[in-house]
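Please keep the sequence and the model in view while reading.

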Amino acid sequence: MDTVQRELSDQIDLATQRLLDHARTIPEADLRVPSLLPGWTRAHVLSHVARGADAMRNLLAGARSGQDRPAYASARARAADIERGAAMRAADLMADLADSAMALRAVIRQLPDEAWQVRVRVLDSAPFPAAEVLTRRLVEVELHHCDLGAGYGPADWPAAFASMDLAEPMRSQRRDRLSYSPAPPRSGAQIPGSAPAPWKPGQRLPGSWLGTR
């Protein structure tokens with residue numbers, strides 16, 4: 001893993017930590033309300049992020065083994081898995097979100113240098129180098145965090161992400177989120193005892209996947 005890849009991996013860690021810490025404060029009932037993505041609840045969005053982590057882990061595992069391993073079994077299976085996750089209880093959905101992120105992180109940190117240049121693809125997309133998985137994952141986490149419509153918006157993006165040079169369609173997808181109305185106060189943020197402790201480098205949060213490297 002080179003310096004650029006290491007920096008992207010660190011950004012993914014922190015973006016995922018923000019999403020997980022925020023999602024843990026959203027009450028069960030508020031996970032069932034519509035998100036900013038048509039036809040999806042907030043639970044659907046979180047389930048999609050979890051399944052995205054699984055898909056990217058599949059791609060990197062294939063790059064490591066030299067096998068053409070698909071991201072998803074099929075588009076239909078992908079949709080069914082998202083629906084299944086969206087129906088989970090809040091605690092189970094949070095565990096799914098954390099576990100899938102941790103599994104992806106482990107593969108990222110262990111991938112041999114030569115595997116990053118292996119070309120992979122998602123469903124019917126054009127092939128791309130495995131290294132691009134890192135950018136795609138960061139974009140996925142940051143944009144879908146906004147899609148929850150629960151108090152996190154483009155104004156909360158770190159400067160490094162907001163100014164990152166992205167290829168299409170990621171550039172347009174990020175620009176689309178800029179049209180969102182200012183984010184309302186975070187749902188559940190004022191519930192006594194619901195806010196997680198601030199993250200400190202090298203320290204694992206209770207119930208959190210992100211710990212020491």
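The questions below concern a predicted model.

Q: How many helices and strands does the secondary structure of the protein come to?
A: Read along the sequence, the elements follow the pattern α-α-α-α-α-β-β-α-α-α. The secondary structure therefore comes to eight helices and two strands.

Q: What percentage of the residues in the protein is buried?
A: A residue counts as buried when its relative accessible area is under 20%. The protein has 213 residues, and the buried share of them is 47%.

Q: What share of the contacts with a separation of 6 or more joins residues 24 or more positions apart?
A: The contacts considered here are those in the protein with a separation of 6 or more. Among these contacts, residues 24 or more positions apart account for 72%.

Q: Is α1 roughly parallel or roughly antiparallel to α6?
A: Helix α1 covers residues 3-23, and its axis comes within 9 Å of that of α6, crossing at roughly 25°. Angles under 35 degrees count as roughly parallel. The two helices, α1 and α6, are therefore roughly parallel.

Q: Which residues of α6 meet α1?
A: The crossing of α1 and α6 is left-handed. On the α1 side, the residues are Gln5, Leu8, Gln11, Ile12, Ala15, Thr16, Arg18, Leu19 and His22. On the α6 side, they are Leu134, Thr135, Arg137, Leu138, Val141, Glu142 and His145.

Q: Why is α6 described as roughly parallel to α8?
A: Helix α6 spans residues 132-147 and helix α8 spans residues 170-177; their axes are 10 Å apart and pack at an angle of about 15°. Because angles under 35 degrees count as roughly parallel, α6 is described in relation to α8 as roughly parallel.

Q: Which residues of α8 make the contact with α6?
A: The crossing of α6 and α8 is left-handed. From α6, the contact involves Glu132, Thr135, Arg136, Val139, Leu143, His144, Cys146 and Asp147. From α8, it is made by Met170, Gln173, Arg174 and Arg177.

Q: Which helices are included in what covers the buried residues of α8?
A: The residues of α8 that are buried are Met170, Ser172, Arg174 and Arg177. Their cover includes α6 and α7 (159-162).

Q: Which residues form the aromatic pair?
A: A search of the whole structure finds one aromatic pair. The pair is edge-to-face, at 5.2 Å centre to centre and with 85° between the planes, and is formed by tryptophan 157 and phenylalanine 161. Tryptophan 157 is buried at a relative accessible area of 8%, and phenylalanine 161 is likewise buried at 0%. The residues of the pair are thus tryptophan 157 and phenylalanine 161.

Q: Which arginine has its charged end over the ring of phenylalanine 161?
A: Over the face of tyrosine 72 lies arginine 78, at 5.4 Å from the ring centre. For phenylalanine 161, the charged end sits 5.8 Å from the ring centre and belongs to arginine 174.

Q: Is arginine 89 buried or exposed?
A: Arginine 89 is placed in the loop between α4 (75-86) and α5 (90-110). Its relative accessible area is 51%, and a value over 50% counts as exposed. Arginine 89 is therefore exposed.

Q: Which residues is arginine 89 in contact with, leaving aside its neighbours within four places in sequence?
A: Arginine 89 and leucine 31 are 58 residues apart in sequence, and their C-alpha atoms are 9.5 Å apart in space. With neighbours within four places in sequence left aside, the contacts of arginine 89 are Glu28 and Arg32.

Methods
Residues numbered from 1 in each chain as written. Predicted model: local features only at pLDDT ≥ 70, side-chain atom pairs only at ≥ 80, totals over all residues. Heavy atoms only, no water. Phe/Tyr/Trp six-rings, centres within 6.5 Å; stacked < 30°, edge-to-face > 60°. Buried < 20%, exposed > 50% of the residue type's maximum accessible area, 1.4 Å probe, protein only. Lys NZ or Arg CZ within 6 Å of the ring centre and 35° of its normal. Axes fitted to C-alpha atoms, helices over the stretch in contact; angles between N-to-C directions. Helix = DSSP H or I, 4+ residues; strand = E, 2+ residues; numbered from the N terminus. Parallel < 35°, antiparallel > 145°, perpendicular 65-115°, else oblique. Left-handed = near helix turned anticlockwise from the far one by under 90°. Contact = heavy atoms within 4.5 Å.
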